[in-house]
Every structure is written in C-alpha cells, then in structure tokens.
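Keep the structure open while you read.

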Amino acid sequence: MKNFFSNFKGDLFGGITAGIVALPLALAFGVSSGMGPSAGLYGAIFISFFAALFGGTNTQISGPTAPMTAVSMVVVASIVAINDGDLEKALPAILLVFLLAGLLQIILGLIGVGKYIRYIPYPVVSGFMTAIGVIILITQILPSVGYYPKEDSDYVNQFRPRAEEVILKNILEEESEEGILVLEDFRETIDRAAEVSEENILKEAQTLANKDASGVIGTFKVIPRAVQHIDWLELALALATIIIIYGFKRITTAIPSALVALLAVSGAAYGFGLDYRPIQQIPSGFPVPNLDIFTEFELTSLTPYIFTAFTLALLGAIDSLLTSVVADNMTKTQHKPNKELMGQGIGNSIAAIFGGLPGAGATIRTVVNINAGGKTRLSGMVAGILLLIVLLVLGPIASKIPAAVLAGILVTVGIGVIDYKGLKAIPHLPRDTKFGPFKISSEVVIMFVVLVLSSTWNLVYAVGIGLVIASLMFMKKMGDLTAERSDVKTLEEEKGWADEVNFPEDLKKEVFIKHLKGPLFFGVTSEFQQLAKQIPKTASTVVIRMDRMQYLDQSGLYTLEDVLIDLKKAGVKVLFVHVLQQPKYMMERVELIPSLIPEDQIFETFEECTSYIKKQHKGIAKGEQ
C-alpha cells in the first residue's frame with residue numbers, strides 16, 4: 001500500500017489530466033458506436049479503473065479506442081438490425097458479446113498469449129489501423145453535415161415495400177417456431193398480418209434505410225442526398241470543432257485541444273440559443289448493471305458472434321500491448337504482458353455488465369499521464385474516478401453537447417489513426433512478388449488487402465485474411481531462401497566451407513555434399529526433393545550437412561525420409577553432420593534415426609565424417625585388391 005501511494009501527487013495530476021483528455025473521446029466513441037454517449041463514458045470509467053488496478057503496465061490509461069469502437073460499431077449495427085432496429089431489445093446480446101470478449105482476454109492472459117502478440121506482421125496492423133481511420137472519417141461525413149438517413153422521408157419510403165416483406169416474413173417465422181402455421185388454416189396468419197400498422201412499416205423502413213446507409217459503401221451511396229440536405233449550422237459546428245482542435249495545438253499542447261473545442265463550440269452553440277441537434281440524453285446517477293445479459297442468454301443467438309468477440313479480444317490485446325511498449329520506452333520500465341491482458345479483460349468484462357463500450361490501452365492518454373507525472377497504477381484509477389464524477393455531476397449538462405461537435409472530434413481522431421509511417425514507406429519497400437507482368441512488394445499487397453477489405457467489407461474477416469496471406473508469403477520467402485542457399489554439388493565443383501578445404505582430392509568425385517542452410521519445413525519440401533534428384537546415381541556417398549538447419553517440421557521430416565529411402569535403394573550411403581537438437585528429436589520420434597541413418601553415420605564435425613569416409617574408402621580399396 002505504501003508503494004501504491006508513493007507518487008500520490010504525480011499520479012493524481014496525471015490521472016486528472018488523462019481523464020480530461022478521455023472525456024470528449026469517450027462521448028464521441030459512444031455516439032459513433034450507435035450505443036450513445038453514455039456507453040462510451042461507462043466504458044471509459046470501468047476500463048480505466050479496473051485495467052489499471054489489475055493490469056501489468058503501471059502508467060497505462062485504458063478506455064474506448066478508435067479500433068475497438070470501429071469493430072464494436074459493426075457488432076452493434078448487425079445485432080440491432082436483427083432486432084427490428086430496437087437498440088434496447090438488442091442491448092443484452094450486444095453486451096454479451098462485449099462480455100465474452102473481456103473473458104477471452106482474461107483467458108489469453110492466463111494461457112500466456114501476451115508474449116506472442118508481437119509476432120503479428122506490421123503490414124496487417126498498418127492496413128487495419130489505416131482502415132479504421134478511413135472508416136471513421138467517411139462515416140462521420142453524414143453527421144458532420146447534419147444528414148440522418150432515417151429522417152429523410154423520401155429515402156425511407158424507398159424501403160417501405162421491402163419493410164412489409166420483412167415484417168410478413170418475421171410473422172411466418174414466428175408462427176413456424178410456435179407450431180401455429182398449418183396448411184389447412186391460414187386464419188392465424190391473416191389475423192396477424194392485419195395487425196401490421198403503418199407505424200410498424202415505417203419503423204422497419206427506417207431500420208432498413210439506416211442499415212443501407214451505414215459503413216463506408218453505404219455512406220458513399222447517400223452522399224448525393226446528403227449534399228442536397230446539408231444542415232449548414234451542423235456543418236459549421238463540425239468545422240469549427242476541427243479548426244479549434246488543430247489550431248489550439250499550435251498555441252499549446254499543455255491543455256487538450258479536443259476538450260477546448262468541445263467546451264468552446266458547445267458553449268457558444270448553447271449560449272447563443274442555436275437550434276442544433278444535441279447528443280442523446282446521458283442518464284444521471286451511478287451506472288446500473290444490465291442483468292438482462294444473463295437472464296436473456298441464448299447460446300444459439302451468441303454463436304455467430306464468437307469469432308467477432310475473439311477479434312475484439314485480440315484487437316484489444318494488440319492495442320494495449322503496443323501502448324505498453326510505448327509506456328516502457330518513456331518510463332524505462334518493463335510491463336507484464338499476460339497480467340496486462342488479464343487486467344484489460346477484467347475491465348472490459350465489468351464495463352460490459354454496466355453497459356459500456358469495450359476498450360484497450362490508449363496511447364495518447366497514456367503519454368499524457370506520464371508527462372503529467374503519473375508513475376503508478378493509481379493514475380489510471382484516478383482517471384476513471386474523475387470520469388465517474390463528471391457523469392454524476394455534469395451528466396445533464398453534457399447532454400446539451402451538439403452531435404456535430406462530437407462528429408468533428410471523430411474526424412480528427414480518424415485522421416490521427418491512419419498509419420502515415422506505413423504509407424510513406426510504400427515506395428521504398430522491396431518489390432519481391434510478381435503480379436502479372438509487374439513486381440510489387442508483398443508487404444504492400446498485405447497492407448492494401450487488409451485496408452480495402454476492412455473498409456468495404458468486414459473488419460473481422462479482413463484481419464484473418466491478412467494474417468493468412470502474410471503467413472503464406474512468409475513461408476514462401478523462407479522456402480525460396482532455403483532453396484536458394486541449399487545446394488548439391490560435388491566437392492570438386494563447389495567452394496567448400498572452411499573445414500572442407502583439405503578433403504582428399506581422390507574422393508571428391510565420389511562423395512557429394514548437400515548444405516542445408518535453413519529450416520526444412522512444408523514451404524520448402526518440393527525444392528528439397530528437386531535438389532535431391534540432382535545427386536547422380538553414380539554417387540557412392542552423400543554427406544548432408546545440417547549445421548544450419550535449425551528446424552524440421554512434420555512435412556520436412558517425411559520428405560527427408562522419402563529422399564533417404566530413394567538414396568538407400570540406389571545404393572548410396574548417407575552421412576549426417578552436426579544434427580541440431582530439434583531436427584534430431586523429430587527424426588528419432590519416427591525412428592528415421594537409427595532405421596535409415598544408424599548412429600555411426602552421424603557425426604558432430606566434418607573432420608570426424610572425413611575420417612570415417614577415408615576408412616571406408618580404404619576398406620573398399622583393399623577388398624577390390
């Protein structure tokens with residue numbers, strides 16, 4: 001406890017400063033997600049407090065972030081759409097997905113996955129982060145100009161016929177589940193269909209219109225209509241917010257420019273009595289747990305979202321641990337990755353129960369905390385407590401904030417999230433992959449595949465596809481590199497290694513050598529077979545040097561076995577030199593050693609192998625005499 005309060009003044013100031021920075025972002029992320037500003041605020045409160053309390057990075061400030069919000073937006077939109085556009089009805093299922101993501105993070109921490117997160121390829125992360133920026137930027141165009149598709153009656157009316165079809169289809173599905181629908185009597189169906197009101201049709205049409213205009217592609221669809229229905233006041237408020245955010249940074253960075261813009265523009269709009277659109281009402285009082293998560297739980301309804309929950313968990317882990325590395329560099333400390341994952345999981349789980357957005361370690365907020373004097377986990381807890389005080393004391397006032405102001409804040413967030421470092425590196429990356437008649441960089445391909453698929457299709461699947469492509473390209477590179485470096489030549493033709501220089505001249509035409517200069521795995525097995533075929537049938541002995549073959553997988557093992565069997569049938573003796581621990585273990589498991597290669601044909605050094613060959617050759621020579 002003494003250490004906990006060892007830097008009380010610095011942690012107090014750091015936590016308050018980080019909390020002030022987090023406030024406008026929490027509200028903006030909540031609105032962007034579709035769950036309302038309170039969800040962003042609840043997420044910031046609980047994640048900041050509990051991730052700091054149980055996490056493994058002392059100075060980390062956690063809460064809703066742009067990447068987590070972008071994925072959450074997809075979850076919210078898809079679940080709301082199948083619940084007749086009713087957020088209240090969909091909320092238990094949404095929060096259940098968020099809760100599952102938190103629990104999965106705890107499991108990832110318990111099984112020690114934290115140390116492996118760093119192996120995710122940079123092009124996948126770069127493409128994903130740039131896509132997040134693009135998604136946020138484009139989806140904030142409509143609220144920035146004050147256009148809301150479900151309020152455009154002409155646009156909504158286009159979906160009325162389809163809305164009636166959806167409602168009737170739902171009636172038939174409900175009857176089928178209840179066992180009411182009987183071929184001989186459709187009276188029940190007719191009675192239910194008659195109860196479908198204009199109000200229900202309009203509500204369903206609004207839901208369909210909103211869904212059609214969501215996302216990057218949906219936004220582009222309705223931009224022509226948005227241009228015709230610009231609300232100039234909303235646009236002015238959004239632009240004023242953006243200008244102040246970037247302009248105030250030039251004056252000073254000591255005060256968060258997003259907060260200055262929030263207070264200045266909101267204050268002016270409210271003070272002058274402008275007729276603007278406010279954000280949704282923020283409930284007053286302490287957050288109440290949503291126990292419907294557990295009472296309305298159905299495994300079948302959750303199954304389609306398990307992969308999404310896992311993606312949220314993994315994304316939160318990456319986001320948090322990258323921020324932890326930044327914090328380590330600034331404070332000269334070492335975070336505990338698995339403990340950090342458990343802390344983030346606990347924070348996200350509790351936030352979900354109270355109706356909050358999922359989040360992760362936030363780089364900007366963490367840097368602000370450190371610069372303001374934060375050194376221990378108390379600073380993150382203070383940030384959460386500050387946001388709770390704001391909720392309890394200033395909730396009604398915060399409800400007066402213009403929606404366009406939060407849209408303007410999110411535009412600057414989107415611009416900041418884009419990975420400019422990765423984009424600037426594109427012209428300088430080696431062009432190592434053929435694409436038709438052109439050669440391009442494989443890393444650029446991965447980045448753009450993830451970027452395009454994330455922006456226009458599905459964030460979840462895009463990351464998975466990016467990882468698969470990156471893995472395949474990496475294996476191809478390793479295979480090509482191993483095949484290029486591993487060769488088979490007679491000692492007479494090849495410039496031998498240092499210990500091969502004094503090999504007897506009279507044996508050089510009979511003894512062939514194979515240098516393995518890399519892992520023998522499934523990506524290089526076909527090349528290995530081709531190299532083996534280059535050994536002439538006249539060879540009496542083949543020496544396979546494994547000094548640099550660090551790894552052998554199952555595919556490589558069985559390919560090696562096939563090659564050895566073929567050489568044995570051809571009467572060629574195979575000798576191994578310097579077999580490393582892992583490959584030897586694999587060969588012993590399937591009894592390749594000693595069945596095909598006896599222990600006396602395995603040598604630690606090439607000198608030992610040479611002595612053996614000399615003795616064998618002398619023995620053969622005496623036999624011939």
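This is a predicted model: local features need pLDDT of at least 70, side-chain atom pairs count only at pLDDT 80 or more; totals for chains, interfaces and linings use all residues.

Strand E7, helix H25 and strand E8 make a right-handed β-α-β unit. Find E7 at residues 541-545. Helix H25 covers residues 554-569. Strand E8 covers residues 573-577.

Look at how the strands pair. E7 and E8 run in the parallel sense, with five bridges between them. Which residue of E8 stands opposite Val 542? The residue is Val 574. E7 also pairs with strand E6, residues 511-515. These two strands are parallel as well, and five bridges join them. Here Ile 513 has Val 543 in E7 as its bridge partner. Now move to E8 again. Two bridges join E8 to strand E9, residues 602-603, and the two run parallel. In this pairing, Val 577 is partnered by Phe 603.

In E7, five of the five residues are buried, and the strand is mostly covered. Side chains in a regular strand alternate between the two faces of the sheet.

Side chains of opposite charge can pair when their charged atoms come close. The structure holds four salt bridges. One of them joins the side chains of Arg 545 and Asp 547, at 3.2 Å from N to O. Are these two residues buried or exposed? Arg 545 counts as buried because its relative accessibility is 2%. Asp 547 has a relative accessible area of 23%, so Asp 547 is partly exposed.

Another salt bridge connects Arg 277 with Glu 151, with 2.6 Å between the closest N and O atoms. This pair links distant parts of the chain, 126 residues apart. Arg 277 sits in the loop between helix H13 and helix H14. Glu 151 sits in the loop between helix H6 and helix H7. Arg 277 is partly exposed, because its relative accessible area is 28%.

A further salt bridge joins Asp 152 and Arg 225. Their closest N and O atoms are 2.9 Å apart. Asp 152 lies in the loop between H6 and H7, and Arg 225 lies in helix H11, so the pair ties together parts that are 73 residues apart in sequence. Both Asp 152 and Arg 225 are buried.

Now return to helix H25, where Glu 561 is found. Glu 561 is partly exposed, because its relative accessible area is 22%. Which residues does Glu 561 touch, leaving out those up to four places away in sequence? They are Leu 592 and Leu 596. Glu 561 and Val 590 are 29 residues apart in sequence, with their C-alpha atoms 9.5 Å apart in space.

Thr 65 is in the loop between strand E1 and helix H3. Thr 65 counts as buried, because its relative accessibility is 5%. Leaving aside neighbours within four places in sequence, its contacts include Phe 29, Asp 319 and Arg 365. Gly 359, Ala 360, Gly 361 and Ala 362 are also among them. The C-alpha atoms of Thr 65 and Ala 26 are separated by 8.3 Å, and the two residues are 39 apart along the chain.

Turn to the surface next. Phe 286, Ile 385, Ile 389, Leu 392, Val 393, Leu 394 and Ile 397 form a nonpolar patch there. Together they have about 660 Å² of accessible area. Val 393 lies in helix H19, residues 378-398. Val 393 counts as exposed because its relative accessibility is 58%.

Finally, step back to the whole protein. How many helices and strands does the protein have? There are 28 helices and nine strands. Of its 625 residues, 50% count as buried. The accessible surface comes to about 30700 Å², and 61% of that belongs to carbon and sulfur atoms. Among contacts with a separation of 6 or more, 82% are between residues 24 or more positions apart.

Conventions:
Residues are numbered from 1 along each chain as its sequence is written. Side-chain values use heavy atoms; hydrogens and water are left out. Patches are made of residues with over 30% relative accessible area and no salt bridge: like charges are joined within 9 Å, nonpolar side chains (Val, Leu, Ile, Met, Phe, Trp, Tyr) within 5 Å. Accessible areas come from the Shrake-Rupley method with a 1.4 Å probe; for residues, only the protein chains shown count as cover. Helices (H or I, at least four residues) and strands (E, at least two) are DSSP runs, numbered from the N terminus. Buried means under 20% relative accessible area, exposed over 50%, partly exposed in between (1.4 Å probe, protein chains only). Two strands pair if DSSP finds at least two bridges between them. A crossover is right-handed if, with the strands pointing away from the viewer, the path from the first strand over the helix to the second runs clockwise. Contact means heavy atoms within 4.5 Å.
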